[in-house]
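This report describes the surface, strand pairing and disulfides of the structure shown below. Please read it alongside the sequence and the coordinates.

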Amino acid sequence: MKTVHTVETICAALRAEEREANANANKIRARSSKRELSISVSCFSKNSINPSELRCKRKAPDAASLLRKCGTAALLSLFGGALSCTVSAQEPLELDLYVQGTEVPDRVQLSDEVALSLERAELAFGPLYLCPGRQAGDLCDTARMEWTEAAVVDALSPERQHVGQLLGATGTTYSWMYDYGVTSLLTQLQPVVSPAARELGQASVVLAGSVWVESQSIPWELRLLIQQEGDSGRGVSVVRKSQNTRFSHELSQNTESLTVRFDPSSWLAELPAELFYEQADCSSGRAQVCEGFVEVSCTEDEPVRRDCSESGQVCVPGQGCTDSLLLEQNSTAAIYLKQELTAGEPPEFIFRERQN
Amino acid sequence: MKTKWRVSRIVLQVAGWTWGCGSWAWAQEHPVEAPDSVAPSSEEVQASDESQTQPGEPEQEAPPGSSEGGDASRAPQIELPRLIQGVAPEYPAQAQGEGQVILVLTIDSQGRVVSSEVHESAGALFDAAAQDAARSYRFEPARREGLPVSARVRMPFLFLPELPPAPSATGPKSADQEKELELPGAPVEPEKARPDPHLEVNVHGERPLRTTRRGASDFMVHREVITAAPRQEGADVLRLVPGLTSFRTEGLAVAHSYSLRGFDSAHGQDLEFLVGGLPINLPNHIHGQGYADLSFLIGEVVDELHVSEGVSDPKQGDFAVAGTIDIGLGVDQEHRGLQLKSGYGSFQTFRQHASWAPREGHRESFGAIQYTKTAGFGENRAGQSASGIVQHRFGSGALTYRFIGIAHTARADHAGVLRREDIESGEICYHCVYQLPTARAQNGLAQRLMAGFFADYRGRSHENGSLGVWISHDHFRSQQNFTGFSETSRTLALVSGRGDLIEQRNTTHSVGITGRYRTEAFKPMEGVHGTLELGTNARFDVVHQQQNLLDGAVRNQTWDRRVDASISGMDVGVFGDLDWELGSMVRARVGVRADALSYEAEDRLGNFAPTVRPQDAFIPGYRRSAMGLAVGPRASVEVRPLPWLSVLSSYGEGYRSPQARTLADGEKTPFTKVHSGDVGVRMRWGEPLELSSAAFYTRLSDDIAFDASEGRMERIGATQRMGLTLHALSHLTDWSVTSFSLTYVSATLLEPPPASAEEPAPPFVAGQRIPYVSPLVIRLDQGAHTTLVSDWGGKPLVWRAGLGFTFLAGRPLPFGQVGDNIGLLDASLGLSWGVFELALEGFNLLNRNYPASEYQFVSHWDPKGVPSRVPSRHITAGAPLSFFLSLGVTL
């Protein structure tokens, strides 16, 4: 049977050879459990090459013409074969990047007595890197895609907000990392504050709402600066996908956009109610405690009591009667929220593919 | 009395291709073939005893595949010089009677008479008249394998007191006939020549000692082509090599970046370079394996290039992966004497050249120096360099000797890489440098001293051999920043971002020997004969190297140490080569080469991990040794079915030695093995046109490519290349030469290192094109010269023009990117008058901004900005439009 080498067969041979090479490579020197290869074969010529032209007949009337013919055929075949197939790997890719918030319930119940409502949740988001490895951070020197800017995100708005373009190359991404508008650089002792963070008053996140203690409420607000702490993490993004989180996506030319969706309610859900409400007495040894709505000042003599509800206030542990709650950067609640924002439930990464 | 003269019947004698005794052979019909029993010579053939002539040798036209430098057992084609223009001498007014003057004229490769000596005097008046006339003569130069070479001609002038009878068909017109000579278009036939041997022609030529053009991808590039197009520096002659690209990518003091036939040879890792028999590549160099800096080359003394693309010759050793380029040094007759040349051009570039080559000395004997100083184009490219080369061949008879010494030093600043997007956004200009201390501190320093002594033996019966010793000292230092601010110190805790200014230092001391012997021909049966060659090369290298990170802003403070090592390496290679004629049409060459390499590496930073273990747990350092053997066959077959056609096929297995610092203790040295095959044709239609075409395939077991984060080459796994080379050399007119080459190659990665935790997104994946290598390289060299005024102040005024054009298709880059197409046009115009030469050269006449190199990697050049972590395109800028004017005098 006569075999005709077409572009397809040559490409198939190349692919087979490549598979074999990959297999060998993995067998012999695999250092990671999976290889991340994305191979596309594009053949742009339909010329077929007939190997019979390559054969030199034993008996030929004219050696010179035979040699000329065979040589020409060999050269053309080789040249044609080389031209006809192009195997390419990663290709440049640009994606639309959207951010999106999530509507939260009117109140997030922390305990039977305490609930929080969230009326403002804005954060400075970016830069964002999608990484090829399963671990971001130090091992993401070379990213798959990146967006090196930052934008203010209304985390309570379910509307998609276009913030820029993700730039990079095709391939699989297995991890991500980002900052909240304040980025640590190898070259600077102090992190760089983005315009987005400046817009929020030099803060990464601004949260505001009401604390409901039973039927009484007071407003609360938190301006949180989230940045890389200490020299050891210099140059590394502050939020990184944890190893326990499953994440992977094959980025291809069909990938159209990425939407990062934040859910602020998840940040509040784990806040301890004790931060806002307590039933304590002076036996705790503190100078001031709350017995529900009653502020108790512990003295050596008789404790002094004041019912905050009479003036429309609530008793907040550590603060006593107050009609508004401004959470400090290093307050317990702020530390909790920072923990949630950096290592808690991650935002949702939604890739949209083009419809063919 | 009328002027009367005639040239007697012209008799030509051609130097027989004997060495030592230098016998004369009577000219046969053109082309002249050497007697079979005559041994080859690589030196100028001298006239001597006629008794050794062998007129009865059968005529045999040299096949195209055995052109110059191509075949050790066949004599090259010789074409004798022909007188094409001349003025008859005046019969001296005060002279009386008859007189015959015999002059020995030296005719250069352009056909000009560059010197005349009175061999036989007829008195001062006749002598002067003859010499005056002879100096204005123009000849069609002698040719060896179609290429013009210089020659010495013994020419008689017979002065007669009265008008002689009409001249013969080969004689001149009478003085009354405008004194223009119409001398023979071709040498006279032997029957006429034999009785009256007044005119002797002594063609200067080289006869190769061994077959060197084995495959269709082997080329010889001669001086005539070398000088055709302008060049900015000596190493630019490499652009004449079909398929080779050569660019200055890291300043004047760092080796060029080469690529050939789909190999990104970087600074020489895949190309074996020899200059005057001295090996240039440096094994285990910190800046790249096989580092080969040819900056010391002085263009005026580059005589020829012998190019072997692929691997087919058992003599090819380490680094002969893409091929071997053997550069011969010498000074042609035209420029012998004391030559001084000064030049000045764009960017305050000043160049001073001086050379001395004794007029009667051997072509290979000369001394030359060169000094260059430039402010450099754009920013941060100022530099100086100085080179000196001396070579002397001496001795006579069977044994001759050659000494060669090369000294070179250079220091230059370097602008480094620029991010393409920064150029496109207007943040930085194309030829500028980042205005950062770490970028402006980039520079390089080169120091090299080499010397060699070679003894060559040429026996009467073709047997020949050579023995040589050489010694070399090389020191290299560079400061380069490819990635901006992305490094963190591994040595000092919590220190980072002080600029990735990589300092590399490398000192290599080398000594080596080389020897080979080729037997006389064995003839076991009729029509079958051949020779055996045995040879050896050995070298011993001691290398000291360091790599550090410097802070360019604080007096080069060292803020990290990456390499501190010493390496000793030994390479002992032996080879054997059978070279046999099998009948009249087939020639086969079969050989084998074996190299044993051993290393000891002392890595003083080995096991150094301060952030993981307490430093007092062990003493840093990792000493180890390794050894390996590389063996590979080499074979080629040449079939000559027609006089004008040769079909050539060759196969060879070559190797590249590993970086010793990457070896583990006791590791069997993992050579990079190359399997290289060529098949092609060489066609030659007489003098005007030679064409060759070859298809090639190579497969490398373990390739390496540039890693920007380390500023050096790193492994990328197995690779393959297949492609096609076309080459044409033309002398369509006697006043021009054209050389054209086209090389297409498809080069792909087969087995790149898999992704790892350290490299989760490897820039190289299986199936992709090998980065940084242009798939299509086209080169055109065109040279022309002719006499403007035949007698201007008693001397001819000759103009010259040259053109060089290079085209490179866009180079594939990692991460699916493709570089720009590059087209470069250079041209020159020159005048020569007597001892003076004036030349104006223009480079990059289209004034294209072109990247001398392109890379794709992650960098961060804004120390106050958010870093990018996605690989980006980077370039090092090539030189813009520039001009250079030079004035030379040869005394």
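For chain A the accessible surface is about 17900 Å², with 47% belonging to carbon and sulfur atoms. Accessible areas come from the Shrake-Rupley method with a 1.4 Å probe, and for residues only the protein chains shown count as cover. The model is predicted: local features need pLDDT of at least 70, side-chain atom pairs count only at pLDDT 80 or more, and totals for chains, interfaces and linings use all residues. Residues are numbered from 1 along each chain as its sequence is written, chains are lettered from A and ligands numbered from 1 in the order in which they are written, and side-chain values use heavy atoms, with hydrogens and water left out.

**Chain totals**

Of the 891 residues in chain B, 65% are buried; in chain A, buried residues make up 49% of 356 residues. Here buried means under 20% relative accessible area, exposed over 50%, and partly exposed in between (1.4 Å probe, protein chains only). Chain B contains 5 helices and 46 strands, and chain A contains 5 helices and 25 strands.

In chain B, among contacts between residues at least 6 apart in sequence, 70% join residues at least 24 apart. In chain A, residues 24 or more positions apart account for 73% of the contacts with a separation of 6 or more.

**Strand pairing in chain B**

Two strands are taken to pair if DSSP finds at least two bridges between them. Strand β23 of chain B (residues 366-374) runs antiparallel to β24 of chain B (residues 383-394), and 9 bridges join them. Within this pairing, Ile369(B) lies opposite Gly388(B) of β24(B). On to the next pairing: β24(B) and strand β25 of chain B (residues 399-413) are antiparallel over 12 bridges. Ala386(B) stands opposite Thr409(B), a residue of β25(B). The hairpin of β24(B) and β25(B) has 4 residues between the strands, and in this hairpin Gly395(B) adopts a positive phi near 95 degrees.

**A three-stranded sheet in chain A**

Chain A holds an open sheet of 3 strands in the order β19-β20-β21, with antiparallel pairing. Its edge strands are β19 (288-291) and β21 (304-307) of chain A, each of which pairs on one side only. From one strand to the next the twist averages 25 degrees, where axes are lines fitted to C-alpha atoms (for helices over the stretch in contact) and angles run from 0 to 180 degrees between N-to-C directions. Strand β20 of chain A (residues 294-297) is joined to the antiparallel β21(A) by 4 bridges. One of the residues involved is Ser297(A), whose bridge partner in β21(A) is Val304(A). In a regular strand the side chains alternate between the two faces of the sheet.

**Disulfides**

A disulfide is a covalent bond between the sulfur atoms of two cysteines. The table lists the S to S distances of some of them.

| Cysteine pair | S to S distance |
|---|---|
| Cys131(A) and Cys140(A) | 2.1 Å |
| Cys290(A) and Cys315(A) | 1.8 Å |
| Cys429(B) and Cys432(B) | 1.6 Å |

The link of Cys290(A) and Cys315(A) is left-handed, with -80 degrees about the S-S bond. This pair links distant parts of the chain: Cys290(A) sits in strand β19 of chain A and Cys315(A) in strand β22 (residues 314-316) of chain A, 25 residues apart. Cys290(A) is buried at 1% relative accessibility, and Cys315(A) is buried at 2%.

For Cys131(A) and Cys140(A), the torsion about the S-S bond is about -100 degrees, so this disulfide is left-handed. Cys131(A) has a relative accessible area of 0% and is therefore buried; Cys140(A), at 0% relative accessibility, also counts as buried.

In chain B, the torsion about the S-S bond of Cys429(B) and Cys432(B) is about 80 degrees, so the disulfide is right-handed. Cys429(B) counts as partly exposed because its relative accessibility is 36%, whereas Cys432(B) is buried, with a relative accessible area of 13%.

How values were computed:
Helix = DSSP H or I, 4+ residues; strand = E, 2+ residues; numbered from the N terminus. Disulfide = S-S within 2.5 Å. Contact = heavy atoms within 4.5 Å.
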